[in-house]
Amino acid sequence: MLRLTEEEPRMSEPNRTNKAKQEINHICGRKSFQAVSFEQRNTSTGKEPNLQKLWELTHMKNGHWINDASAELNNGVSAAFLNIISNLSGSDEASCSRLMDDITDEHE
């Protein structure tokens with residue numbers, strides 16, 4: 001039988017409370033994001049997925065976001081990135097969208 005030390009119950013309650021507050025979870029289990037990235041690399045070039053693709057790999061299951069918070073964060077980052085590109089380039093939205101696609105493309 002597993003026996004808890006005196007300190008463990010005192011530590012586990014705050015951990016349980018903090019875990020319940022998390023809105024965004026991932027589907028990796030115990031595997032690190034770096035391990036997922038390494039496994040998904042292009043074997044011929046050794047190039048690992050970009051951060052946006054890694055977010056999708058770790059927060060989507062069967063082509064669907066695991067929760068609304070993951071999708072909202074992804075959409076917010078994409079919109080902010082597009083805004084930054086448009087401010088830097090001074091181009092129209094379609095040009096900026098193509099530039100963003102080029103930047104986030106994996107080029108496999």
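Biologist: Why is the contact between Glu13 and Arg16 called a salt bridge?
Modeller: In this predicted model, the side chains of Glu13 and Arg16 come to 2.7 Å, N to O. The cut-off is within 4 Å, so the pair counts as a salt bridge.

Biologist: Where do Glu13 and Arg16 lie?
Modeller: Both are in helix H1, residues 7-21. They are three residues apart, about one turn of the helix.

Biologist: Why is Glu13 called partly exposed?
Modeller: Its relative accessible area is 42%. Buried needs under 20% and exposed needs over 50%, so Glu13 falls in between.

Biologist: What makes Lys31 and Glu39 a salt bridge?
Modeller: The closest N and O atoms of Lys31 and Glu39 are 2.9 Å apart.

Biologist: Are Lys31 and Glu39 buried, exposed or partly exposed?
Modeller: Lys31 has 36% relative accessibility, and Glu39 has a relative accessible area of 48%.

Biologist: Why does the contact of Glu56 with Lys53 count as a salt bridge?
Modeller: The N to O value for Glu56 and Lys53 is 3.8 Å. This is still within 4 Å, so the label holds.

Biologist: What separates Glu56 and Lys53 along helix H3?
Modeller: They are three residues apart in helix H3, residues 51-59, so about one helical turn lies between them. Glu56, at 25%, and Lys53, at 29%, are partly exposed.

Biologist: How many salt bridges does the rule give?
Modeller: The count comes to three.

Notes. Residues are numbered from 1 along each chain as its sequence is written. This is a predicted model: local features need pLDDT of at least 70, side-chain atom pairs count only at pLDDT 80 or more; totals for chains, interfaces and linings use all residues. Side-chain values use heavy atoms; hydrogens and water are left out. Helices (H or I, at least four residues) and strands (E, at least two) are DSSP runs, numbered from the N terminus. Buried means under 20% relative accessible area, exposed over 50%, partly exposed in between (1.4 Å probe, protein chains only).
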